[in-house]
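Subject: Structure for your review

Hello,

Here is the structure I said I would pass on. My notes on what was found in it follow below.

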Amino acid sequence: MADHKGTAAWTGDIKGSGILTTESGALNAPYSVGSRFEGKQGTNPEELIGAAHAGCYTMYLTSVLTKHGHQVQNIKTTSTVTMNPNNGHPVIEHIHVSTEGHVTGGNITADDFQKHAEDAKENCPVSKVLSAVPKMTLEAKFLG
């Protein structure tokens with residue numbers, strides 16, 4: 001088992017700002033209402049969820065493909081997290097996963113890649129955590 005920590009520190013009221021950090025030191029980023037809802041500089045929780053999801057999904061898909069005898073040259077995944085401000089009660093209502101992979105070996109077809117991509121969408125640990133989101137869609141592109 002491994003524990004991984006993220007920390008948020010906030011100063012001021014809702015118009016204040018904060019810093020998000022990770023135990024590893026890889027992240028030390030400002031965030032605010034402006035970066036979350038107004039397109040201002042800084043990060044936000046949804047962007048970080050998207051990055052974590054894309055990372056987990058890509059690692060899981062790579063593992064599944066490798067277990068089936070395929071050689072992964074590269075995979076690129078974007079996880080787009082859509083949040084509705086919902087009149088002051090924000091809700092994440094949709095996550096769209098877009099992945100593309102250059103995979104060889106084991107006579108892999110586009111249909112095989114799609115099947116493995118769906119498996120990763122359903123079973124990577126972060127996808128499972130995000131299963132409460134009402135809608136999660138996938139677009140998978142096999143690059144050969």
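Predicted model: local features only at pLDDT ≥ 70, side-chain atom pairs only at ≥ 80, totals over all residues.

**Salt bridges and what surrounds them**

E46 has a relative accessibility of 7%, so this residue counts as buried. The side chain of E46 forms a salt bridge with that of R36, at 2.6 Å from N to O. R36 belongs to helix α1 (residues 33–37) and E46 to helix α2, so the pair ties together parts that are 10 residues apart in sequence.

In total the structure holds three salt bridges. Another joins the side chains of E38 and K40, at 3.4 Å from N to O. E38 counts as partly exposed at 44% relative accessibility, and K40 counts as exposed at 52%. The side chains of K121 and E122 also meet in a salt bridge, with an N to O distance of 3.0 Å. Here K121 is buried, with a relative accessible area of 12%, while E122 is partly exposed at 48%.

α2 covers residues 45–67. Its 23 residues, at 1.5 Å each, should span 33 Å, and the end C-alpha atoms are 33 Å apart, which agrees.

At the start of α2, a side-chain oxygen of N44 comes to within 3.1 Å of the backbone nitrogen of E46. The buried residues of α2 are E46, G50, H53, A54, C56, Y57, T58, L61, V64 and L65. These buried residues pack against α1, β4, β5, α3, α4 and β6. After α2 comes G69, which has a positive phi near 85°.

The loop between α1 and α2 contains T43. Is T43 buried or exposed? T43 is buried, because its relative accessible area is 6% and the limit for buried is under 20%. The side chains of T43 and E47 are joined by a polar contact of 2.4 Å. Setting aside residues up to four places away in sequence, T43 touches L20, A29, P30, Y31, S32, S35 and L48.

**Strands**

β4 (residues 71–84) and β5 (residues 91–104) are antiparallel partners, paired over 13 bridges. One of the bridge pairs sets Q71 against T104 of β5. Six residues lie between the two strands of this hairpin, where N86 takes a positive phi near 50°.

β5 also pairs with β6 (residues 136–142), this time in the parallel sense and over seven bridges. In that pairing V97 has L138 of β6 as its bridge partner.

**From β5 to helix α3**

G106 sits in the loop between β5 and α3 (110–123). G106 counts as exposed because its relative accessible area is 51%, against a cut-off of over 50%. Apart from neighbours within four places in sequence, G106 is in contact with G69 and H70. The C-alpha atoms of G106 and L65 are 9.5 Å apart, although the two residues are 41 places apart in sequence. L65 is one of the buried residues of α2.

α3 has 14 residues, which at 1.5 Å a residue should span 20 Å; its end C-alpha atoms are 20 Å apart, which agrees. Which residues of α3 are buried? They are F113, H116, A117, A120 and K121. Seen down the helix axis, the buried residues of α3 fall within an arc of 145°, so they line one face. An α-helix has 3.6 residues a turn, so residues three or four places apart point the same way. On the face turned away from the buried side, α3 carries the exposed residues D111 and K115.

The buried residues of α3 pack against α2, β5, α4 (125–129) and β6. One of those buried residues is K121, whose side chain takes part in the salt bridge to E122.

Regards

Terms used. Residues numbered from 1 in each chain as written. Heavy atoms only, no water. Pairing = 2+ DSSP bridges. Helix = DSSP H or I, 4+ residues; strand = E, 2+ residues; numbered from the N terminus. Buried < 20%, exposed > 50% of the residue type's maximum accessible area, 1.4 Å probe, protein only. Contact = heavy atoms within 4.5 Å. Expected span 1.5 Å × (residues − 1). Arc of directions from axis to C-beta. Salt bridge = Lys/Arg side-chain N within 4 Å of Asp/Glu carboxyl O. Polar contact = N/O pair within 3.5 Å; in protein donor to acceptor, adjacent residues only side chain to side chain.
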